[in-house]
Amino acid sequence: MFAQVNSLGLFGMESYAVRVEVDLLRSMPKFDVVGLPDSAVSEAKMRVPSAAKNSGFSFPVCKITVNLAPADIRKEGSVYDLPILVCVLLANGDLRFDPAGMAFLGELSLNGDVQSVRGVLPMTIQARADGLREVFIPAANAAETAALKDITVYPVENVRQLADHLSGRILIKPVRTEDFPQEDSRSSLPDFTDVKGQFAARRALEVAAAGGHNVILVGPPGSGKSMLAKRLPSILPEMSFDESLETTKLYSVAGALPPGVSMINARPFRSPHHSVSGAGLSGGGTVPRPGEISLAHNGVLFLDELPEFSRNAMEVLRQPMEDGAITISRVAASLTYPCETMVVAAMNPCPCGFFGDSGRACTCPRGAAQKYLARVSGPLLDRFDLHIEVPRVEFAKLAASDQSENSAAIRQRVNTARDLQKKRLAGTGIHCNARMTAAQTRLFCAPTPQAMNMLEQAFERLGMSARAYDKILRVSRTVADLAGSDVVDLPHVAEALQFRGLDRKLGL
């Protein structure tokens, strides 16, 4: 007796069709799973019989051969438990239905409950692309498929419920978008109105948000570096549907999607501890999963106390900060994940934190500030577009009763600048100034002769790299966009140059 049903596999962020085939042979009892299964797939031999028995079915006592096709791609995870059980019951005659146009996904517990699995969203999208009409998924994963159209998704809680549906006795209600209403993602974000003083730093973060630029904040303890960074998502533009979908797919693949969340419509803010490993940032595993830098895709990756991160972890950032993607190679696979994120770092200027502070003397030995900064490599520092000094806040500003400008007002200016960039870069696949190529930088960021003269003098005096030169041009273009100017003029370049003073400020 033979039966087959459709399922899907996961490879990075991409999915592929898997055909689950079962053959029952009246012979010595045996249960084999072939088709390059990993350990989790092979363990279905223990879960499936128990789930069937505890759901009221008599599991066949014979030789059972399960094939997962195509057989030349390694299958991983427990996602094939449910399709294997359905296929066995179909071959044994316990279920009678036409499986054409259907796909099944889910892990089984021993009592027959269907447990959640990773990657349901990209697998459901692939099922729709393959022309399948119905997908049966764990009920715990229902929310992440709610936004999909042109495919019927059924949330399954247990094997008995699925059997009743397939037999036509009690039908399962399909997932509906209205069952998972979208919440206002900005209502819970910290607001810039809470920030006292720090007008220069606020302006710099506005420029960074308008152009999608990387930022490093330098200042003494308690000056508000973390407070400023945590409010950056509140002034970023709202995510488009494509951005939300791609970010949700990443979280689905990583198994990090919060329960009940249909779509991630708030820009991610990831803040790993400085003890995180390089693999934790980049991603890891036998078949690599997304790391922190990919989970911050379309959002903000905040690295507090940057010099305290391990050298390996910091150097992992160099390539993805430039390319907006990271490739992870392991024995089992080499996968590329997107990571177009704004990297925001914060650090003290020296070990004690008070080098250059106006209110408290530095207690570090001579040269300690240079050694502290040297923990961060020059090439990594060069990849930060804006270097922002965050000084101590004066008492008068802290005690002032007047409120600072709120995030909504700043975001309005940021959105206006981003709209200009989208029109300028239309059709290129690039949506902000920070991601422009070298050729686009030369084309769209060419300064006026007076501005070019100032830039030339600064370039020679500060010994800037070619990368720093390009970044200044892009930041200048962003400043010009905020000002509504078609050309990059002297004031725009002058302001951009103020954001490249890290070496000079630390006395190097």
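Mentor: Let us begin with R467, which counts as partly exposed because its relative accessibility is 27%, where partly exposed lies between buried, under 20% relative accessible area, and exposed, over 50% (1.4 Å probe, protein chains only). The model is predicted, so local features need pLDDT of at least 70 and side-chain atom pairs count only at pLDDT 80 or more, while totals for chains, interfaces and linings use all residues. Residues are numbered from 1 along each chain as its sequence is written, and side-chain values use heavy atoms, leaving out hydrogens and water.

The side chain of R467 meets that of E322 in a salt bridge at 3.2 Å, N to O, the term meaning a side-chain nitrogen of Lys or Arg within 4 Å of a carboxyl oxygen of Asp or Glu. Since R467 belongs to helix α19 (residues 466-483) and E322 to helix α12 (residues 318-323), the pair ties together parts 145 residues apart in sequence; helices here are DSSP runs (H or I, at least four residues), numbered from the N terminus. E322 is partly exposed too, at 36% relative accessibility.

By this rule the count comes to 25 salt bridges. Another of them joins E206 and R413, at 2.8 Å, N to O, and this pair links helix α6 with helix α16 (residues 407-424), 207 residues apart. Here E206 is buried, with a relative accessible area of 6%, whereas R413 is partly exposed at 31%. E206 and R413 also belong to a network of salt bridges that includes R203, E405 and E495.

Key: Helices (H or I, at least four residues) and strands (E, at least two) are DSSP runs, numbered from the N terminus.
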